[in-house]
Amino acid sequence: MPGFGVWINAIWILLFAIFDVSLSNYSEDQCSWRGSGLSQQQGSVEQISLHCSEGTLDWLYPKGALRLTLSPRLPSVAVGPSGSSSGLITACVKPSEQFHGAQLYLERDGVLELLVGDRLESSPPPRVRCFSRLPGERVALFLQATPHQDISRRIASFRYELRGDWTARLSLDSSPISSEDACRPCNNTEILMAVCTSDFVVRGNIRSVDEDENLRAAVIKVSATRVFRQKYALFTSNSRLSSRGEIRTLLQCGVKPGPGSFLFTGRVHFGEAWLGCAPRYKDFQRAYTIAKAAQQIPCELPVD
C-alpha cells in the first residue's frame, strides 16, 4: 500500500516539524529563551523552565505573561569562599538598558515582589537585582506585559546568573548584608579558601580608582604582575611584564589607590570582575606559608 506509507511519512514529518518548532525558542542547553508575545493570547501565561547557571531571556512584543522557573544543575551542597556550605542559591538578574513593555516580579511562595518596572524613555538604566532561595523554597520569575498602543518597539530582555552560596560582596543589591560586613577584610581562612574557589586570582598593584555612577560601584584599575587564574580574559597583557584589568567593588568600601602589591581574588558577575578578598601580598605569603607547614592549605598555589 504505497499510499499508506506516504501518509505515515507525512505524519512523521509533521510531528518532527511540530517538535522542532516547540524547541526553537531554546538554546541547545536550555540556558536561554527568545520568543514573541504576538502568538500569545491576552491574559495567557506561558510556562518556561531553564536549567543553567547563567543565560538570557528576550521577550519581543510582550503580551500576556511569562512564568520562568530556574532549575540550575548546581552542586547539591553549595560551598562559599569561606568554606561554609548552606544549600543557599543566590540569583541575580540584569535587565537590558532598553527593557520595555513588561514588569518583572519575583514570585516566592505565591507572593509577588516587583524587581523591575516598565521603563520610560527618560528613565535611568535599571539596576541589577538579586535574591536568594533557601532549600525547598518555591521561587520563580514572573513577567507581566504592560498595555501599550504600539508594542512594535517593546522588548523585555535580561541576563541571569545563579551561584551557590554567593557572597553579598559581589552583589550591588545586597540588602540582606550590611556594607560593614561586605567591606570587612578577609581573615586568613577566608583568604586561603578564596584562592581556591575564586574566578580570578591575580597579584598586582592599584593604578587608580574611579566611580561607576550607573552601577554605584568603585572601579579599581589594576596592573597585574602575575595572573594565577582567571575564568575569562579579564586581565589582558600590554607588555611582557604586566597585564591590565578592572575590578569592581561597592562604593561604600572606600577603596583608595596606594602603593604596595596585593593578591586580588573574586568572582565574575555578568562578565565583570568583582572583588572578594584582597590582602597585601606579603600578608598572603605569610598566611600561606604557615598553613602549608601545618598541612592546612585547601589547594596549592605557586607562591614566590
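## The main core

Which residues have the most contacts inside the largest nonpolar core? In this predicted model, they are Leu57, Trp59, Leu104, Leu141, Phe158 and Tyr160, and the core as a whole has 28 residues. As background, nonpolar side chains tend to be buried together in soluble globular proteins.

Leaving aside neighbours within four places in sequence, phenylalanine 158 touches Gly55, Thr56, Leu57, Leu68, Val93, Lys94, Pro95, Ser96, Phe99, Leu104, Leu141 and Leu143. There is also a second, separate core, with 15 residues that include Cys186, Phe228, Tyr288 and Leu301.

## Cavities

Searching the whole structure turns up three cavities of 30 Å³ or more. The largest cavity has a volume of about 80 Å³. Its lining is made of Leu68, Thr69, Leu70, Ile89, Ala91, Phe131, Arg133, Val139, Ala140, Leu141 and Leu162. Two or more of these lining residues come from each of β4, β5, β8 (129–133) and β9.

What kinds of residue line the largest cavity? Nine are nonpolar, one is polar and one is charged.

## Disulfides

A disulfide is a covalent bond between the sulfur atoms of two cysteines. The count here comes to five disulfides. With bonded cysteines counted along the chain, the pattern reads 1-2, 3-4, 5-8, 6-9, 7-10.

Let us begin with cysteine 31 and cysteine 52, which are joined with an S to S distance of 2.0 Å. The link of cysteine 31 and cysteine 52 is left-handed, with -65 degrees about the S-S bond. Cysteine 31 sits in the loop between α1 (2–23) and β1 (33–36), while cysteine 52 sits in the loop between β2 and β3, 21 residues apart. Cysteine 31 counts as buried because its relative accessibility is 11%, and cysteine 52 is buried too, with a relative accessible area of 12%.

Next come cysteine 92 and cysteine 130, whose sulfur atoms are 2.0 Å apart. Cysteine 92 belongs to strand β5 and cysteine 130 to strand β8, so this pair ties together parts that lie 38 residues apart in sequence. With 105 degrees about the S-S bond, the link of cysteine 92 and cysteine 130 is right-handed. Both cysteine 92 and cysteine 130 are buried.

Finally, cysteine 196 and cysteine 299 form a disulfide with sulfur atoms 2.0 Å apart. Cysteine 196 is in helix α3 (residues 188–197) and cysteine 299 is in the segment after α4, 103 residues apart. The torsion about the S-S bond of cysteine 196 and cysteine 299 is about -100 degrees, so this disulfide is left-handed. Cysteine 196 is partly exposed at 26% relative accessible area, and cysteine 299 counts as partly exposed at 23% relative accessibility.

## Two positive phi angles

Where is aspartate 109 found? Aspartate 109 lies in the loop between β6 and β7. Its phi is near 50 degrees, a positive value in a residue other than glycine.

Glutamine 295 is not a glycine either, yet has a positive phi of about 55 degrees. Glutamine 295 is located in the segment after α4 (281–293). Is glutamine 295 buried or exposed? Glutamine 295 counts as exposed because its relative accessibility is 75%.

How values were computed:
Residues numbered from 1 in each chain as written. Predicted model: local features only at pLDDT ≥ 70, side-chain atom pairs only at ≥ 80, totals over all residues. Heavy atoms only, no water. Core = buried A, V, L, I, M, F, W, Y, C linked by side-chain atoms within 4.5 Å. Buried < 20%, exposed > 50% of the residue type's maximum accessible area, 1.4 Å probe, protein only. Contact = heavy atoms within 4.5 Å. 1 Å grid on protein atoms, 1.4 Å probe; cavity = no way out; pocket = protein on both sides within 12 Å on 5 of 7 lines; lining within 4 Å. Points joined across faces, edges and corners; volume = space filled by probe spheres on them. Helix = DSSP H or I, 4+ residues; strand = E, 2+ residues; numbered from the N terminus. Nonpolar A, V, L, I, M, F, W, Y, C, P; charged D, E, K, R; others polar. Disulfide = S-S within 2.5 Å.
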